[in-house]
Amino acid sequence: MADAIPSMEPAPPPLLSLAEVEALARRAHSGQTDKAGRPYAEHLAAVAAGVRERGGSDEQIAAAWLHDAVEDGALSREWLAGAALSEAAKEMILAVTKRADEPVEEYTARILATPGALLVKESDLAHNADPERLAVLDVPTRERLTAKYTRVRALLGLSAP
């Protein structure tokens, strides 16, 4: 019986842990604030917690931490392509990344077509539409965002929060 020949290809690097993904997301968005002037990392933490509370996987939680990183320019698509993340997490991040001038129907169709992405977007919408968060915004902004989030939820087949 011949001995198995060991593979000459190097082993892939280990995937980032959730703690490493969180730290990376916090660094990538450091200094950024949301529309209410709060540190942006609070939104990321809330979306990740929402995914966890909804029974999401570690891949979905990682995607939640990084869900706005490419869209906001905090991390590049090239960085994401080479990142030590599962392909599923990368696909979810790209699915929830809104593209410039992209019709909302195409955006939501991509989310629905990507396994795991809907839960990430559902948690993102839940935090974005939180009445306490919206209450600190001026009335026109609050009304515009409420209508936007309602439309996206409807296109995704999500019930009201």
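## Pocket lining, salt bridges and fold in a predicted model

In the lining of the largest pocket, 10 residues are nonpolar, 2 are polar and 10 are charged. The model discussed here is predicted.

Trainee: Which residues are the closest to the centre of the largest pocket?

Mentor: The largest pocket holds about 500 Å³ of space. A total of 22 residues line this pocket, and by class they divide into 10 nonpolar, 2 polar and 10 charged. Those closest to the centre are Lys35, Glu71, Asn128, Lys148 and Tyr149.

Trainee: Which helices each supply at least two residues of that lining?

Mentor: The protein has 9 helices and 0 strands, and from the N terminus on its elements run α-α-α-α-α-α-α-α-α. The helices that each give at least two residues to the lining of the largest pocket are H2, H6 (104–113), H7 (117–128), H8 and H9 (139–156).

Trainee: How far apart are the closest N and O atoms of Glu22 and Arg26, and how are the two residues placed in helix H1?

Mentor: Both residues belong to helix H1, which covers residues 18–28, and because they are 4 residues apart there, about one helical turn separates them. Glu22 has a relative accessibility of 27% and so counts as partly exposed, and Arg26, at 36%, is partly exposed as well. The two form a salt bridge, in which the closest N and O atoms are 2.9 Å apart.

Trainee: How many residues apart are Asp34 and Arg133?

Mentor: The side chains of Asp34 and Arg133 meet in a salt bridge with an N to O distance of 2.9 Å. This pair links distant parts of the chain, since Asp34 is in the loop between H1 and helix H2 (40–53), whereas Arg133 is in helix H8 (residues 131–135), and the separation is 99 residues.

Trainee: Is Asp34 buried or exposed?

Mentor: The cut-off for a buried residue is a relative accessible area under 20%. The value for Asp34 is 13%, and therefore this residue counts as buried.

Trainee: What is the N to O distance in the salt bridge between Glu42 and Arg38?

Mentor: Glu42 counts as partly exposed at 37% relative accessibility, and Arg38 likewise counts as partly exposed, at 43%. Their side chains meet in a salt bridge, and the N to O distance is 2.5 Å.

Trainee: How many salt bridges does the count come to?

Mentor: Among them are the pair of Glu22 with Arg26, the pair of Asp34 with Arg133 and the pair of Glu42 with Arg38. The count of salt bridges comes to 7.

Trainee: Which ring does the charged end of Lys98 sit over?

Mentor: The count of aromatic pairs comes to 0, but a charge over a ring is a separate kind of contact, for which the distance from the ring centre has to be within 6 Å. The charged end of Lys98 lies 5.8 Å from the centre of the ring concerned, which is that of Tyr107.

Trainee: Where is Asp101 placed, and between which helices?

Mentor: Asp101 has a phi near 60°, a positive value in a residue other than glycine. At 81% relative accessibility, Asp101 counts as exposed. Its place is in the loop between helix H5 (87–95) and H6.

Trainee: What percentage of the residues of the protein count as buried?

Mentor: The C-alpha trace of the protein spans about 75 × 35 × 30 Å along its principal axes. The protein has 161 residues, and the part of them that counts as buried is 40%.

Methods:
Residues are numbered from 1 along each chain as its sequence is written. This is a predicted model: local features need pLDDT of at least 70, side-chain atom pairs count only at pLDDT 80 or more; totals for chains, interfaces and linings use all residues. Side-chain values use heavy atoms; hydrogens and water are left out. A salt bridge is a side-chain nitrogen of Lys or Arg within 4 Å of a carboxyl oxygen of Asp or Glu. Buried means under 20% relative accessible area, exposed over 50%, partly exposed in between (1.4 Å probe, protein chains only). On a 1 Å grid over the protein atoms alone, a cavity is a set of points where a 1.4 Å probe fits but cannot get out, and a pocket is an open set with protein on both sides within 12 Å along at least five of seven lines; lining residues have an atom within 4 Å of a point. Grid points are joined across faces, edges and corners, and a volume is the space filled by probe spheres set on the points. Ala, Val, Leu, Ile, Met, Phe, Trp, Tyr, Cys and Pro count as nonpolar, Asp, Glu, Lys and Arg as charged, and the others, Gly among them, as polar. Rings of Phe, Tyr and Trp (its six-membered ring) pair if their centres lie within 6.5 Å; planes under 30 degrees apart count as stacked, over 60 as edge-to-face and the rest as tilted. A charge sits over a ring if NZ of Lys or CZ of Arg is within 6 Å of the ring centre and within 35 degrees of the ring normal.
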